[in-house]
Amino acid sequence: MTSEQGGSAENPFPVRAVATRVAAWIDKLGTVWVEGQLTQINLRSSTAYMVLRDPAANMSLDISCPRDLVAAAPVKLTEGTQVVVRGKPSFYTVRGSFSLRVNAIRAVGVGELLARIERLRRLLEAEGLFDPRLKRPLPFLPSTIGLITGRASAAEHDVTTVAGQRWPAVRFEIRNTAVQGANAVAQIVEALRELDAHPEVDVIVIARGGGGVEELLPFSDETLCRAIAACTTPVVSAIGHEPDNPLCDLVADLRAATPTDAAKKVVPDAVAELALVGDLRQRSAQALRSWVGREQRTVAQLRSRPVLADPLRGLTQRGEEIDRARAAVRRDINRLVAAETDRIGHLSARLATLGPAATLARGYAVVQTVDDGEILRTVADAPAGARLRIRVADGAVGATSTGPTDGAA
């Protein structure tokens, strides 16, 4: 049992069969309108062969049309012209190539270009690519400046000359690219990526002189705008003159009105900086002298105060106060001691007068029982035979009670 033709290595299609089927499938697509930029225009005797390129992507189509259609076009068709064509896709089986057979060509007018740029501007703005918070600051003095511009252009001369005059030690990494036409976007994007990856490049300048809307169209291309936004190195856009305002101006970290203005914004002016340094030195020296003079006056005022003019004066005064206080304390203590001594003498005299010793000295005696030491107060306290201790002025004697006597009764 044989397999279906073309389904196995044993039963393949011949080339003509594949080419014929592909041509038939493409022929079913019908007529389409396509927009792009013209490149590689080749006019033959009766047929014109061109390439229609997508400016936002690395894609293109081969197109062909009668030569009379190119001659009758509303504008002169040159490389880089933005056009809208109507054609029918076809597959040329002899060479196995795809092309678009064009039967109508319309140039994209300036009004339509401006409208498309405005639509793209609103889209990029909605995505936040113009947000000022995303703008990276430029270095004060870049070691190397990346410059993307046309070869031997006035923009290159202006940037390098003005920057060199302002800062003679400035260095450049220059990438010459197309700045208009179909290949401009791809070359600028490639140069931008190369300079962004360069380890010594601190800032990138994209410079071009002025021109019409069609000439500056690559600098409003979506691919270029997104490439600028994706850079990690600050990018300065210096496209055209003051009235020109392509979309890359809005995406870049800094917009310069002209290439000359970009040079002034990227590097400082050495003469102006030296003058500023000199002025700052003079101002700082004057400020330092004023500060020293002010501090000297403050020190002189402090030294003129009594506490610093005679530092020991306070101690002397306090010493005299302490001496007076010590004399007063000593006097008061002596007075107190004398008063207390007198009082103690009086108390001692009174105690001697009222004490038992004085009574004993007058001939009285104190009689106590020996057993319990109680003072004998009544005769009942000293029954017969009770041992007694009789204390007199100069000592004590022992005795034995014989009991109460008649005189006592």
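Figure 1. E340 is partly exposed at 31% relative accessibility, a class that lies between buried (under 20% relative accessible area) and exposed (over 50%), as computed with a 1.4 Å probe on protein chains only. The model shown is predicted: local features need pLDDT of at least 70 and side-chain atom pairs pLDDT 80 or more, whereas totals for chains, interfaces and linings use all residues. Residues are numbered from 1 along each chain as its sequence is written, and side-chain values rest on heavy atoms, without hydrogens and water. The partner of E340 is R343, with an N to O distance of 2.8 Å; a salt bridge here is a side-chain nitrogen of Lys or Arg within 4 Å of a carboxyl oxygen of Asp or Glu. R343 is also partly exposed, at 45%. Helices (H or I, at least four residues) and strands (E, at least two) are DSSP runs numbered from the N terminus.

**Figure 2. The salt bridge of D253 and R136.** The side chains of D253 and R136 meet at 2.9 Å, N to O. This pair links distant parts of the chain, 117 residues apart: D253 lies in the loop between α7 (247-251) and β10 (254-255), and R136 in the loop between α3 (110-126) and β6. D253 is buried, with 10% relative accessibility, whereas R136 is partly exposed at 22%.

**Figure 3. The salt bridge of K265 and D261 in helix α8.** K265 and D261 form a salt bridge of 3.3 Å, N to O. They are four residues apart in helix α8 and therefore separated by about one helical turn. K265 is partly exposed, its relative accessible area being 39%.

Figure 4. Most residues other than glycine have a negative phi. Q40, in strand β1 (residues 32-43), has a positive phi near 50°. A152 has a positive phi near 55° and is placed in the loop between β6 (144-149) and α4 (154-166). Q40 counts as exposed at 54% relative accessibility, as does A152 at 73%.
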